[in-house]
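Please have the structure open as you read.

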Amino acid sequence: MGHHHGHSHGHSHGHSHNHTGNKKALFSAFIIISAFMVVEVIGGFLTNSLALLSDAGHMLSDAVALGLSFFAIKLGERKATQSKTFGFQRFEIIAAALNGITLIGISLYIFVEAYSRFTDPPEVQSMGMLTISVIGLLVNIIAAWILMKGDKEENLNVRSAFLHVIGDMLGSVGAIIAALLIYFFGWGIADPIASVIVAILVLISGWRVTKDSFHVLMEGAPLQIEMEKVKKSLLNIPNVKEVHDLHIWSITSGVPMLSCHISIEGEGKHDTILHQAQSILHDDFGIDHSTIQVEHKEIGCPSHHGVCN
């Protein structure tokens with residue numbers, strides 16, 4: 001009877017390397033976006049453009065997203081304590097969730113503001129709006145390029161920050177088009193239309209990030225790992241009769257965890273089967289953190305008073 005915790009040191013080295021890259025990317029993007037956000041807010045008020053202000057609202061959420069993500073990674077590096085035995089990595093996911101909720105709130109505010117402008121389009125200074133929008137687009141392209149170098153496939157936080165910036169880039173394009181329409185055709189209504197398009201983009205990315213982070217917070221199985229495949233692979237080990245109490249979840253992006261009970265019969269040796277199981281989990285599913293309890297079927301499962309389900 002017994003259980004074992006497996007961990008691959010090679011993987012953790014790669015993980016810390018990615019984190020260093022992520023930190024640099026997030027911090028650089030944070031400085032650039034924050035600086036331009038101030039410019040865009042001032043410009044939005046001076047030119048009376050809701051499209052610019054809504055883009056600045058998106059940039060504010062970008063800055064918050066990037067700042068939170070950077071802080072989350074810094075916090076995640078802290079060692080585990082007696083009370084926080086998994087360390088602080090989960091804060092990355094909480095940051096992503098707060099981030100998504102903020103985006104949804106901002107988008108709803110823009111919708112309300114745009115509604116009043118549809119009925120009474122105000123005078124907008126199109127040239128000032130155009131200049132600031134073009135600079136905004138360039139700033140977003142630079143920020144997106146910086147974040148591209150981060151680990152956005154694995155890390156939910158870097159991905160959420162990247163989505164913010166991409167949405168923002170499209171927002172700047174919308175503001176440029178609106179400014180041109182106002183300048184050449186005097187279409188004042190182009191300003192609230194552009195801001196609504198930005199609001200829709202903000203809402204979509206906010207919903208996605210919120211949904212993904214809540215899945216992790218609810219201990220949902222990582223989307224890239226199929227429970228049935230894992231179970232099938234473990235059952236293929238010689239002398240393994242049953243796999244039960246199987247749980248797979250993530251602590252944070254790219255850190256899947258697994259726990260299960262394996263019932264063995266016949267000549268099955270506890271340590272051999274344990275080693276085989278952990279090799280399969282590591283090689284085929286990228287799971288380095290596993291707690292596996294191996295028991296002989298005839299003895300039964302101690303946690304269920306001799307009856308395993």
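**Salt bridges at a glance**

Glutamate 226 is partly exposed, with a relative accessible area of 47% (buried means under 20%, exposed over 50%, and partly exposed in between, using a 1.4 Å probe and protein chains only). The model is predicted, so local features need pLDDT of at least 70 and side-chain atom pairs count only at pLDDT 80 or more, while totals for chains, interfaces and linings use all residues. Residues are numbered from 1 along each chain as its sequence is written, and side-chain values use heavy atoms, leaving out hydrogens and water.

How many salt bridges does a search of the whole structure find? The search finds 3, each being a side-chain nitrogen of Lys or Arg within 4 Å of a carboxyl oxygen of Asp or Glu.

**The pair at glutamate 226**
- Glutamate 226 bridges to lysine 229, with 3.9 Å between the closest N and O atoms.
- Lysine 229 is partly exposed too, at 48% relative accessibility.

**The buried pair**
- Aspartate 191 forms a salt bridge with arginine 117, and their closest N and O atoms are 3.0 Å apart.
- This pair links distant parts of the chain, 74 residues apart: aspartate 191 lies in helix H6 and arginine 117 in helix H3 (helices are DSSP runs of H or I, at least four residues, numbered from the N terminus).
- Aspartate 191 is buried, with a relative accessible area of 0%, and arginine 117 also counts as buried at 11%.

- Glutamate 219 forms a salt bridge with arginine 90, at 3.9 Å between the closest N and O atoms.
- Glutamate 219 sits in the loop between helix H6 (190–217) and helix H7 (227–235), and arginine 90 in the loop between helix H2 (50–76) and helix H3 (91–119), 129 residues apart.
- Glutamate 219 is partly exposed, at 40% relative accessible area.

Conventions: Helices (H or I, at least four residues) and strands (E, at least two) are DSSP runs, numbered from the N terminus.
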